[in-house]
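Have a look at the chains below.

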Amino acid sequence: MAPRHFSFVSPSPLPKARSYMPVVTPGDVLPAEPGFLRGHGTMVRQDGALIATVAGTVERVNKLVCVRPLRSRYSGEVGDVVVCRIIEVGQKRWKVDVNGRQDGVVMLSSINLPGGEQRRRTAEDQLNMRQFYVEHDLLSAEVQAFFQDGSMSLHTRSLKYGKLQDGVLVVVNPSLVKRLTQHFHRFKFGVDVIFAMNGYLWVSAGPEGETEQLADGQGMLNDVGIGDTESSDRSAPRPPTREQREKICRVRNALVALDTTALAVSPSTVATVYTASLQFAVKDMLLPHVISTIIAPAMAPWPELTTQAAAAARIQHHDCE
Amino acid sequence: MASAAEQRYTLHGVAADLRDDGRARLDFRPLSLEVHLFPQASGSARAVAGAAEVLVGVTAELAAPPADAPDMGQVLLSIDCGPAASAARLPEYAAAADERLLWLEEALRALFSRESIPEALRTLCIARGTQCWVLRVHAQLLRLDGCPLDLISLAAAAALAATRVPRVSGGGADELGGGKRQRAAGGGKQDLDLDESLDESVPFDCSTLPLYVTLANIGGYAVADATAHERRAAGSTLSLALSPAGRVCALRGGGGFGLHLQLAGEMMQLASQLCAQLHADAKDAIAQALADAEGRRWPAGEGTAPGFLA
């Protein structure tokens, strides 16, 4: 019998995660004490009431009231790990797509030269910029600073940052990625994931059975921003084996499942969904009924939220009423 | 946009018969169909495959049949894409971005031509040479990812299967119970009576509609339902439209590269096998979608949004 290549599924809606934090929608009146300060995502109505202008969670710092949007482009902070794509090679700088409101910039002076050489960048370096990164290349980088206009400057001045290869990019909603102590995560089952804050997650193969966390991300990149000709001496890029590739597929589908159901994307949720998915074939993971099965364990209340944060959320909700 | 490293990864994956999302080379993404979404349209359908989504509406109107085919109605097709799926993001069938929609329309028009579906078009004829139904099929591309031809042809087939045209009786004065009657002032000599109660209506015969299957040449392998990401690593594509009876209705190339003759032959062979399978599965899926719509008691009552609009 010939293998089946088609699977028709019923267009049933997927389960959506419940928010533990109260969510406001545009136009909702935000309770505020007299003398409040109007923050991002809010405006004052003609009758003096403070209303939300975006859908999101209310954040209060003393008298300042803001609404942090649920869906937005990435607005970074200094020190964030991001994955970005080169879209233009300019003079002394690369323009990169960081999933933000504006394109980011990687300065020629903020990359590591081959061999870790420390010197001023010369005019010759400017002419050879395509030997480092060309258009469409994917890099991992860190947010270094912000320019006056709000666009971000990135740097790759560490061995853990640089050009990415032998893996897949998964784009998720950036608000689902939370700050972690370590954004370069090595899973026990032999897959490395860069949980980039801008929602561009990079999934690649890693050695199996090693420690859960990488001390400094070393060994994760075959190529540390060195030109193609010179990269071979470190560790020749080896294409992943079929088993590794299948694991990468599984993690990739787990990330897509988490994103479509609006669940937080973190090492723990990914590992949970991955484990729950092992009873299914990789290609079946994105069938609607399979998605609802595999994300079910990840939807259980998170321990850190059930205690302190949930109590805080309750108090805040109480304040709102 | 894809870096050389990503393209290499895609090529290796296709060679290993394990693509980025775990599919084998000839697997399609999960497809879903929904029909009867808009009470205003004579027929409507929505098809989703992964991140790609198409909405199709059909409206019926009366007109005179074309002079060279007096016993046939017409199916006219138009395609539009919204801002989220701009024409510039369509796969490169034609050189210029603004010609890609025209290219798609032209390719799909071949499916509804007189040569492709003569029997179905004959059922649209009311009075030879004077009156026939013209079905205007409009496809709106909501999201693009990969092979729009396949998805549009599937959605159009589902929408046409769901299409109800009012029963027309030729010019008598007798009255049938129930339905409101109306005089259709066509250009012809005889007056026609429309029975507007849609319960009585005859569905358009769609059992002979062809479907497209697109195969992409990725590293010398034929790959079905390539995503936009995979198409960046792909060479040429080949789209074959087959009727359920196995007759070739259209063949289109795309991608802007050449194709080795031997590979082209293999791809056509594979595409025709896939297409036969798709026809069998799509028939069941459309029947299921129609049954689901009955279950929702289509047309929806006041205040209830149908289907995915709910």
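Q: What makes strand β15 and strand β16 of chain A count as paired?
A: In this predicted model, 4 bridges join β15(A), residues 191-194, to β16(A), residues 200-205. Two strands pair if there are at least two bridges between them, so β15(A) and β16(A) pass. They run antiparallel, and D192(A) stands opposite S204(A) in β16(A).

Q: Which sheet has β15 and β16 of chain A in its order, and what is the pairing?
A: It's an open sheet of 4 strands, in the order β13-β16-β15-β14 of chain A, and the pairing is antiparallel.

Q: Why are β13 and β14 of chain A called edge strands?
A: Each of them pairs on one side only. That goes for β13(A) at 167-171 and for β14(A) at 184-187.

Q: Which UniProt feature is placed at residues 167-207 of chain A?
A: The unreviewed UniProt entry places "domain: K Homology" there. The span is 0% helix and 46% strand, and its end C-alpha atoms lie 14 Å apart.

Q: How do you know that β10 of chain A pairs with β12 of chain A?
A: Count the bridges: β10(A) and β12(A), the latter at residues 162-163, are joined by 2. The cut-off is at least two bridges, so this pair counts. The two run antiparallel, and G162(A) in β12(A) is the bridge partner of S140(A).

Q: Which strands does β10 of chain A also pair with?
A: One is β7(A), residues 81-89, which pairs with β10(A), residues 138-146, in the antiparallel sense over 5 bridges. There, R85(A) stands opposite L138(A). Another is β11(A), residues 152-155, again antiparallel, over 4 bridges. In that pairing F146(A) stands opposite M152(A).

Q: How many residues lie between the two strands of the hairpin formed by β10 and β11 of chain A?
A: There are 5 residues between β10(A) and β11(A). In the turn, G150(A) has a positive phi of about 95 degrees.

Q: What is the strand order in the open sheet of chain A with mixed pairing?
A: The order is β1-β5-β6-β2, which makes 4 strands. Its edge strands are β1(A) at 23-24 and β2(A) at 37-38, each pairing on one side only.

Q: How do you know that β5 and β6 of chain A pair?
A: They share 6 bridges, and at least two are needed, so the pairing holds. Strand β5(A) covers residues 56-61, β6(A) covers residues 64-69, and they pair in the antiparallel sense. E59(A) stands opposite C66(A) in β6(A).

Q: Which UniProt domain is listed for residues 23-61 of chain A?
A: UniProt lists "domain: Exosome complex component N-terminal" for them, in an unreviewed entry. That span is 0% helix and 41% strand, with its end C-alpha atoms 17 Å apart.

Q: Why are helices α3 and α4 of chain A called roughly perpendicular?
A: Their axes cross at roughly 115 degrees. Angles of 65 to 115 count as roughly perpendicular, so α3(A) is roughly perpendicular to α4(A). The axes come within 9 Å, and the crossing is right-handed.

Q: What residues make the contact of α3 with α4 in chain A?
A: From α3(A) come K247(A), R250(A), V251(A), A254(A), L255(A) and L258(A). They meet T269(A), V270(A), V273(A), Y274(A) and S277(A) in α4(A). By class that gives 7 nonpolar, 2 polar and 2 charged residues.

Q: What makes α4 and α6 of chain B oblique to each other?
A: Helix α4(B), residues 148-161, and helix α6(B), residues 261-295, have axes crossing at roughly 50 degrees. Roughly parallel needs an angle under 35 degrees and roughly perpendicular needs 65 to 115, so this pair is oblique. The axes come within 10 Å, and α4(B) passes α6(B) in a right-handed crossing.

Q: Which residues meet where α4 and α6 of chain B touch?
A: L154(B), A157(B), A158(B) and A161(B) in α4(B) meet A282(B), I286(B) and L290(B) in α6(B). This contact has 7 nonpolar, no polar and no charged residues.

Terms used: Residues are numbered from 1 along each chain as its sequence is written. Chains are lettered from A and ligands numbered from 1 in the order in which they are written. This is a predicted model: local features need pLDDT of at least 70, side-chain atom pairs count only at pLDDT 80 or more; totals for chains, interfaces and linings use all residues. Side-chain values use heavy atoms; hydrogens and water are left out. Axes are lines fitted to C-alpha atoms, for helices over the stretch in contact, and angles run from 0 to 180 degrees between N-to-C directions. Angles under 35 degrees count as roughly parallel, over 145 as roughly antiparallel, 65 to 115 as roughly perpendicular and the rest as oblique. A crossing is left-handed if the near helix is turned anticlockwise from the far one by less than a right angle, and right-handed if clockwise. Contact means heavy atoms within 4.5 Å. Ala, Val, Leu, Ile, Met, Phe, Trp, Tyr, Cys and Pro count as nonpolar, Asp, Glu, Lys and Arg as charged, and the others, Gly among them, as polar. UniProt positions are given in the numbering used here, feature names are shortened, and annotations may be inferred rather than shown by experiment.
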